[in-house]
Amino acid sequence: EGLDRKMVVSYYCRLRFATNLLPLLKNGAAASSARVISVLGAGREGKLILEDLSLATPGNYSLRNVESHTVTMTSLAFEELSKQNPEIGWIHAYPGFVVTGIFRGLPAPLRVLSSVTMPAFKCLSVPIEECGSGFTWLSTDEKFRRGLWLVNWKGETMDTRAEGVKSWINTGVEWWGEEKRRRVWAHTEDVFRGVKSV
């Protein structure tokens with residue numbers, strides 16, 4: 001479909017799954033509760049290039065812009081979906097720095113380097129078991145049953161829209177607003193109309 005794979009994995013497919021599953025989520029919410037959790041980067045929102053949300057224009061694409069766009073668009077899209085479906089919990093969460101098996105796919109010299117630096121990484125990281133327990137709690141605690149939640153794996157707010165909430169990883173850009181939310185959602189729906197049905 002001409003979409004960047006990194007943006008598809010980090011944004012478009014997550015929103016596609018959520019919107020495709022909306023009928024089941026609504027049934028679940030009516031019976032007890034339903035939540036959608038995207039583990040990405042709440043608190044890391046940043047500047048959007050509103051005229052090129054898919055970063056297709058030459059010069060707009062960079063790994064930094066992809067991260068900024070996918071994280072920010074997730075928060076804005078979840079805000080839109082929470083307004084349309086207030087009975088469902090929409091959770092965009094930051095996992096912290098977690099050491100996973102990501103280094104296995106690196107070229108041999110980088111794998112060797114990562115094995116040497118792994119003890120330092122582990123000292124600075126969130127243990128994978130704790131992070132997993134945190135996400136289990138987010139998916140079951142009554143507090144997160146409805147509405148929009150921009151949190152970390154411990155359920156602490158990462159919502160930089162609120163006064164006094166600062167994130168050391170946020171760029172300080174005012175990334176939110178009704179116009180931005182509407183444009184991101186319109187763009188997302190346009191992309192969905194342009195791809196094959198799943």
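The following questions and answers concern selected residues of a predicted model. Local features need pLDDT of at least 70, side-chain atom pairs count only at pLDDT 80 or more, and totals for chains, interfaces and linings use all residues. Residues are numbered from 1 along each chain as its sequence is written, and side-chain values use heavy atoms, with hydrogens and water left out.

User: In which helix is Met7 found?

Analyst: Helices are DSSP runs (H or I, at least four residues), numbered from the N terminus. The run that holds Met7 covers residues 5-20.

User: Is Met7 buried or exposed?

Analyst: Buried means under 20% relative accessible area, exposed over 50%, and partly exposed in between (1.4 Å probe, protein chains only). Because its relative accessibility is 1%, Met7 counts as buried.

User: What distance separates the C-alpha atoms of Met7 and Val66?

Analyst: Met7 and Val66 are 59 residues apart along the chain. Val66 is also among the residues in contact with Met7 (heavy atoms within 4.5 Å), when neighbours within four places in sequence are left aside. The separation of the two C-alpha atoms is 6.5 Å.

User: Which backbone oxygen lies 2.9 Å from a polar atom of the side chain of Ser68?

Analyst: Ser68 is found in helix H3, residues 63-84, and counts as buried because its relative accessibility is 12%. Leaving aside neighbours within four places in sequence, Ser68 is in contact with Gly46, Lys47 and Leu48. The backbone oxygen in question belongs to Lys47.

User: Is Phe144 buried or exposed?

Analyst: Trp137 is partly exposed, with a relative accessible area of 34%, and Trp149 is partly exposed at 23%. Phe144 has 0% relative accessibility, so Phe144 counts as buried.

User: The charged end of which residue sits over the ring of Phe192?

Analyst: A charge sits over a ring if NZ of Lys or CZ of Arg is within 6 Å of the ring centre and within 35 degrees of the ring normal. Here the charged end is 4.9 Å from the centre of the Phe192 ring. The residue is Arg16.

Conventions. Helix = DSSP H or I, 4+ residues; strand = E, 2+ residues; numbered from the N terminus. Polar contact = N/O pair within 3.5 Å; in protein donor to acceptor, adjacent residues only side chain to side chain.
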